[in-house]
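My notes are kept in the order in which I looked things up.

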Amino acid sequence: MADLDKSIRTAESNSIQRKKTRGIWTSSRSDWKQTIAPPTSLHTKHYDARLPWYTIYPTVSEFSPAVGAEDCEEWLKGLPADEAVSLYLHIPFCRSMCWYCGFPTRITRRQASIVEYLSVLSEEIRLVAEQAPQALPVSDVHFGGGTPTIMPPAEFLALMQILRRRFAFEKAATVAVEIDPRTFTPEMAEALEVAEVTRASLGVQSFDLTVQTKINRVQCEAIVAAAVENLRRHKVSRINFDLMYGLPHQTVQSCVQSATTAVNMRPDRLAVFGYGHVPSYRKNQRLIAETALPDVAARAEQAAAIADTLIAAGYRQIGLDHFALPDDELAQRAGRLRRNSLGYSADTCQTLISFGPSAIGRLGKGYVQNEIAQSSYSRRIAVGQLATARGYRLSVEDRVRADIIERLMCNLEVDVPAVCAAHGFDPIPLLDRAEPLTPLVEDGIVDIDKGFVRVRQEHGFVLRSVAAAFDAYLDRSRY
């Protein structure tokens, strides 16, 4: 408790100090120095929560039925047999609905529903694996959801056996799983150890009871601590936490309290996401009162306070919203990071094969997405068809823009002519069409020198606005 009080006082002091400076405050260690900005009128001017997070480019809004199961089959057959791939498995079930959630999930209390789904998922794995001439090597596996760990432990082990039978797992393959601490059991922890799971990501969001109540996700510190202890006891030593800002009734003080509580458990990584309120798209978000949500300036203040707390505790900021201990892979791969549908990653695979309803894969020639509705997904698999419902075929220009956006999102800088040269693409027309960069340059957020674009570190909060300047498909009339 003393550490928590000290962190709150430190963050409040930093907040006051930031207002006394010209807009930049610094947290430094002997091996790390980072400059962060407090919320300013520039951030309010350029920040838009509705902009894409650019985990993939082009974004899902550009996907169409013009790419379907036949394309997916062709692209799978064309994958290099000796090139490692990543796997993603979507488990779309939860015990209760979190009101902030933006993912397609089903609420169920019946294990039978989950077991039935896993049978369909196993059949999809078979159908996909048989498209390749031989078992593809696998370096990374991620179980997402939903809540993957609410499946029976024996079913999880059986699913892992199927994957290992159908694919050639590398000796040092990373296997990661997302966990809801409220439903995590000792039996599942044992199963994760047997399955050789190496990383776990825990949904924490906030430790503030008022905030938890307003998002329908009440979980005390003791529940999270018990899950962490269980994981470490069973040799799942690499642990991630998810935190959020911009939630209803959230304050700078509660954000600092949550970050400090999280730090005391010493996860290897933390992902700090801003809540995106889209009630027109997600009905469950209509249960959150818009009047209880912080405005842009308050969101920026919360994000900055969390970053300050984590950096002061020895974490390094990775890109826009991740933080990692210095010996974690993300920190070690600074300058060589990737960004995919799961966020920042040390995964270097060019191919992501995804399973389950709504799952998005990245194959050699483009993106594919499965049927979103579980019923439609199951019907396709039942008749022996791949579940691909739509996708996107990448052009050379798409690949260039994707690389530029990824470098910006990972490194806050990009050498545009160098990226274009690697693809045999002329940079001049691309830079000429990036008019939205002009006001960002005029306001001192971005520096450009001979096509080298750099976002000033203190303005990382509006990084997505910079990346959006290279998005050829963005409908700017909506933003």
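The entries below start with the whole chain and end with single residues.

**Overall.** I am working with a predicted model, not an experimental one. I counted secondary structure and found 17 helices and 21 strands in the protein. Of its 479 residues, 56% are buried. I then looked at contacts between residues at least 6 apart in sequence, and 73% of them join residues at least 24 apart.

**Core.** I looked up the largest nonpolar core, which has 121 residues. The residues with the most contacts inside this core are Phe 167, Leu 202, Ile 353 and Phe 470. Helix H4, residues 111-129, supplies the largest share of the core, with nine residues. I noted another core lying apart from it, of nine residues, including Tyr 100, Val 211, Met 244 and Tyr 275.

**Helix pair H5 and H6.** How do the two helices pack? Helix H5 (residues 153-166) and helix H6 (residues 186-194) pack at an angle of about 15 degrees, and their axes are 9 Å apart. H5 is therefore roughly parallel to H6, since the angle falls under 35 degrees. I recorded the crossing of H5 and H6 as right-handed. On the H5 side I listed Pro 153, Phe 156 and Leu 157. They meet Glu 187, Met 188, Ala 191, Leu 192 and Val 194 in H6. By class, this contact of H5 with H6 has seven nonpolar residues, no polar ones and one charged residue.

**Cis peptide bonds.** I checked omega at two places. Tyr 57 and Pro 58 are joined by a cis peptide bond, with omega about -10 degrees. Pro 58 sits in the loop between helix H2 (41-46) and helix H3 (69-77). Gly 146 is in the loop between strand E6 (137-145) and H5.

**Positive phi.** I looked up two non-glycine residues with positive phi. Lys 235 has phi near 70 degrees and lies in the loop between helix H8 (221-233) and strand E9 (238-245). Leu 412 has phi of about 65 degrees and lies in the loop between helix H13 (396-411) and strand E19 (413-415). Which of them is buried or exposed? Lys 235 is exposed, because its relative accessible area is 63%, over the 50% cut-off. Leu 412 counts as buried, because its relative accessibility is 7%, under the 20% cut-off.

**Lys 214.** I finished with Lys 214, which is in helix H7 (residues 209-214). Lys 214 counts as partly exposed, because its relative accessibility is 39%. I listed its contacts, again leaving out residues up to four places away in sequence: Trp 99, Pro 248, His 249 and Ile 288. The C-alpha atoms of Lys 214 and Tyr 100 are separated by 9.3 Å, while the two residues are 114 apart along the chain. Tyr 100 is one of the residues of the nine-residue core noted above.

Notes: Residues are numbered from 1 along each chain as its sequence is written. This is a predicted model: local features need pLDDT of at least 70, side-chain atom pairs count only at pLDDT 80 or more; totals for chains, interfaces and linings use all residues. Side-chain values use heavy atoms; hydrogens and water are left out. A nonpolar core is a set of buried Ala, Val, Leu, Ile, Met, Phe, Trp, Tyr and Cys residues joined through side-chain atoms within 4.5 Å. Buried means under 20% relative accessible area, exposed over 50%, partly exposed in between (1.4 Å probe, protein chains only). Helices (H or I, at least four residues) and strands (E, at least two) are DSSP runs, numbered from the N terminus. Axes are lines fitted to C-alpha atoms, for helices over the stretch in contact, and angles run from 0 to 180 degrees between N-to-C directions. Angles under 35 degrees count as roughly parallel, over 145 as roughly antiparallel, 65 to 115 as roughly perpendicular and the rest as oblique. A crossing is left-handed if the near helix is turned anticlockwise from the far one by less than a right angle, and right-handed if clockwise. Contact means heavy atoms within 4.5 Å. Ala, Val, Leu, Ile, Met, Phe, Trp, Tyr, Cys and Pro count as nonpolar, Asp, Glu, Lys and Arg as charged, and the others, Gly among them, as polar.
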